[in-house]
Every structure is written in C-alpha cells, then in structure tokens.
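Biologist: I would like to know what stands behind the labels used for this model. Please give the cut-off each time.

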Amino acid sequence: MAVPGTTAAIPELTPADRNCVFLIDGLGWEQLKAHPEEAPFMTSLLAASRGGTGRPITAGYPATTATSLASVGTGLPPGAHGLPGYTVRNPDTGELMNQLRWQPWTPPGPWQPYPTVFELAHRAGVHAAQVTSPAFANTPLTKVALSGGSFHGRLSGEERMDVAAEQLAAADRSLVYTYYAEVDGAGHRFGVDSDTWRGQLMYVDRLVQRLAEQLPARSALYVTADHGMVDIPFDEDHRVDFDEDWELKAGVALLGGEGRARHVYAVPGAADDVLTCWREVLGEQFWVASRDEAIEAGWFGPAVDERVYHRIGDVVAAARDDVLLIASEREPRESAMVGNHGSMTPAEQLVPLLEVRS
C-alpha cells in the first residue's frame, strides 16, 4: 500500500487498494489441511496460500498469541517489539508479567514503543479499522499491537464479518483487521481432536466464506493465524511437572513462558548450573539454550533490542516432542489444557495465508 515506514515482507503477494486480514486464533496449517470436510471453503483456498504458492508462512517463536499478534500488528519480530513470550520477567521490577492479560499492569508505551502498521497506515491516509470483540477495545495488548484508526466492537462472528466488509468499502484505500478466538479456546479446553474443536472450525469456515462473498471491488482478504496447536496426553511421559521436580527447580528464581516454550530465570550466579541441569533432564525432549545461544540462533528474530534482552530467560527451553513442562501449583489452569502451543514444531509454527481477491 506504499505506506511510509513499511516494506513488503512477503514478496509473493500482489498489492490491492483494500486489504483485510482475518486472524483465526489457533488455526495452524497442519490442522486445517487435516480437516477438509469441516472446512471446505478454506480448503478450496489452500492452493492460493502465500500468493498462490500453496505454501504456509511461519508464526515465529514463541508460537503464542501475544507474541504473534504483536508481530502481525507491528511487522516486527519479538526481539524488537518486546513481547517474547506468554509470561516474561520485567527487568525493572523482577516480577513475572503475563503479556496476554497484561498482569501486573505495566505502562504499555515503554514496553512496546514502535508504531503499529495500522497507525502508520492511518497517518498515510489509509482508512484503518479493527473489528473484533468489544472486550478488546481498551486492553494494553490492543494498544501496543493493533491500535490505529477506528475500533468496531461486535460480539457475534457474523456481525464482525459484515462490519469488516463495510469498513473495507468505506474508502478507496483501506486496511481492516478482524479476529476470531474460539478455535483456539476449543483446542485448549478439548483438544484439536475433539468434536467441539471441529465444530468451531466448521463455524469459522462459514465466517470466512461470508466475508469473502461481501468483498468490495479491488479488495484482498488474507486469512491467517497466530499459531497452530498440538494435543498433549495426560500422563507422566508427556507432562513433566516443574513444581514436583527438585532437579529442575534448583537455582530457578522464576519460571516463565508456557508449557512448550519456557523462559527460565536463574537466581544470581546459577545460570550456568541451571542450563546444565535442564539439558541433562530435558535435552532429549526439548531444545535447551542459554539466552545468548537462543539470540544468536535467531529464535527471537535477527536482533534483540537492549530493552528486551533481560526479558528473555537465562535459559530458554522449547519442546521438540509431544511433551509439556507444566507447573501444577503455579499454573493450575494452563497445566490442565489439552491443546498447547508455543514451540518450533511444524504443527505449531506453520500457519496459512489464504487469499481471496475481488
């Protein structure tokens, strides 16, 4: 759209005057391809993914909602925008901060100081709009990741699709973002192998078709996701409980991240010992790296801003198998989830970029 301050990161895409991004939380590429009967419309678009290449895009690490929404909204990797996990340590306070719920409250501007693409588009005269749940109107995550232009809160999925189409048609040049959460919610509660999850996939497939059929002229609709998901069995072979493992707890001051993408903050002077222990205990099931090793390997993008450096764990652990590092006492709700995500496996990383043009 020739907005100053932005570049075309995916060269296969063809410009359009009106662009809509529909982000379906939790809909991974592998899960979509595995359910053609439940999602016939989106399945028909698979060959058009990523500008007609038929290929997916990657979510980035960690493959989790707060991180990915910030990447979508700013065009920056986690090492720059500064939301490198579900929960991370705030270096200024020493507290663990949940970046999805923004608890404890932290001033949003200093935490993520870069403008969003919606703000840049609005400044350049593009009509920018968000159409999502009214509950997200004033959240800090919305402010740092998706703010800019107008906000339109609608409860039902059908209303969101209709308003998104209206906002696309509201100007000659428009950028519209809309969102649906419950595919992810059903996966967490019941798993991606459940009837409830399949029902949500069927519903959101109809939403995509509803929006596609209303596109005004000169529009491009892109359907994508923030991450995929894997179901983890409830047994000791697949769920390691940090709160009951004295070896893993030794020298650890704070446990951040989530079950498949952990940030581990060591007590002063213990980082090397924690790294050694975690590699010995988890090395066959997780990729375990020091902060500097993970940064050097590009886990959080090509570079990490100074303000972000100490938000990353002294040790970073990403699941390579169908395994989860739970914390049953500290994180009882998260530890009870069936479906999980966060790591670098194809099931979590690969997401669609489906395209419909008018």
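Biologist: Where does M1 lie relative to β1?

Modeller: M1 lies in the segment before β1 (18-24), a strand being a DSSP run of E of at least two residues and a helix one of H or I of at least four, both numbered from the N terminus. This is a predicted model, where local features need pLDDT of at least 70, side-chain atom pairs count only at pLDDT 80 or more, and totals for chains, interfaces and linings use all residues. Residues are numbered from 1 along each chain as its sequence is written, and side-chain values use heavy atoms, without hydrogens and water.

Biologist: Why is M1 called partly exposed?

Modeller: Its relative accessibility is 33%. Buried means under 20% relative accessible area and exposed over 50%, with partly exposed in between (1.4 Å probe, protein chains only), so M1 counts as partly exposed.

Biologist: Which residues does M1 touch, leaving out those up to four places away in sequence?

Modeller: A16, D17, N19, V126, R173, S174 and L175; contact means heavy atoms within 4.5 Å.

Biologist: What makes up the lining of the largest pocket, by class?

Modeller: The lining has 30 nonpolar, twelve polar and one charged residues. Ala, Val, Leu, Ile, Met, Phe, Trp, Tyr, Cys and Pro count as nonpolar, Asp, Glu, Lys and Arg as charged, and the others, Gly among them, as polar.

Biologist: How does the lining of the second largest pocket divide?

Modeller: Into 17 nonpolar, 13 polar and eleven charged residues. Its largest share, five residues, comes from α10 (182-190).
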